[in-house]
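Student: I would like to go through this model one point at a time. Please give the cut-offs as the terms come up.

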Amino acid sequence: MAGQGTPATALLVRRGVAHRTHPYRVSPDAPNYGVLVAAALGVAPERVFKSLVTEVDGALTVAVVPVTGELDLKALAAAVGGKRAALADRAVAERATGYVRGGISPLGQRKRLPTVLDESALDLPTIYVSAGRRGLQLELAAPDLVALTDARTAPLQTR
């Protein structure tokens with residue numbers, strides 16, 4: 001798909017990882033953005049994951065969780081052996097990843113950050129994550145995402 005290359009898609013191509021890109025149109029300021037993205041793609045919302053840049057004991061960490069839930073900050077901290085987690089400042093997240101809010105991908109970041117993927121992803125045939133640009137999602141197998149990011153898996157969403 002011409003004109004849709006991002007550092008995330010370039011990484012997948014370079015590594016020969018099976019994936020598909022899916023363009024969509026949703027305002028990045030819309031409430032329930034992730035659920036609207038799932039609807040625009042025609043997939044179950046639990047298959048669409050958001051990448052949240054956080055700070056765990058002062059170290060930037062990426063949490064990848066379904067758009068249907070909220071990130072459990074205590075669970076994230078525990079998953080990486082930390083004590084306290086908080087969402088990172090937007091400018092800090094954008095500077096560290098090289099992506100803008102609404103388009104932060106767990107792949108191809110400017111600075112490779114430790115990543116934790118919600119374990120629910122492993123129960124799905126494929127998941128959707130940002131391709132590194134608003135309006136473009138990547139579909140890939142969760143084990144491939146884990147391998148490419150050296151991610152840990154843990155229960156991360158509040159119930």
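Student: How many bridges join E5 to E8, and in which sense do the two strands run?

Tutor: This is a predicted model, in which local features need pLDDT of at least 70 and side-chain atom pairs count only at pLDDT 80 or more, while totals for chains, interfaces and linings use all residues. Residues are numbered from 1 along each chain as its sequence is written, and side-chain values use heavy atoms, with hydrogens and water left out. Helices (H or I, at least four residues) and strands (E, at least two) are DSSP runs, numbered from the N terminus, and two strands pair if DSSP finds at least two bridges between them. E5 and E8 run parallel, and the number of bridges joining them is three.

Student: In which sense does E3 pair with E2, and in which with E5?

Tutor: Strands of a sheet pair through backbone hydrogen bonds, either parallel or antiparallel. With E2 (residues 49–56), E3 forms eight bridges in the antiparallel sense, and Glu 55 stands opposite Leu 60 of E3. With E5 there are three bridges, and Val 64 has Leu 117 as its bridge partner in E5.

Student: Why is E3 described as largely enclosed by the rest of the structure?

Tutor: Buried means under 20% relative accessible area, exposed over 50%, and partly exposed in between (1.4 Å probe, protein chains only). E3 covers residues 59–66, and it is largely enclosed because the buried residues number seven of the eight.

Student: Is Val 80 buried, partly exposed or exposed, and what does it touch?

Tutor: Val 80 sits in the loop between helix H3 (73–79) and strand E4 (85–87). Its relative accessibility is 25%, so it counts as partly exposed. Contact means heavy atoms within 4.5 Å; not counting residues up to four places away in sequence, Val 80 touches Val 56, Thr 61, Val 116 and Arg 152.

Student: Where do the buried residues of H2 lie around its axis?

Tutor: In H2 (residues 33–41), the buried residues are Tyr 33, Gly 34, Val 37, Ala 38 and Leu 41. The arc, taken from the directions from the helix axis to the C-beta atoms, is only 140°, which puts these residues on the same side of H2.

Student: How is the aromatic pair of Tyr 24 and Tyr 33 classed?

Tutor: Rings of Phe, Tyr and Trp (its six-membered ring) pair if their centres lie within 6.5 Å; planes under 30 degrees apart count as stacked, over 60 as edge-to-face and the rest as tilted. Tyr 24 and Tyr 33 are both buried. Their ring centres are 6.4 Å apart and their planes stand at 65°, so the pair is edge-to-face.
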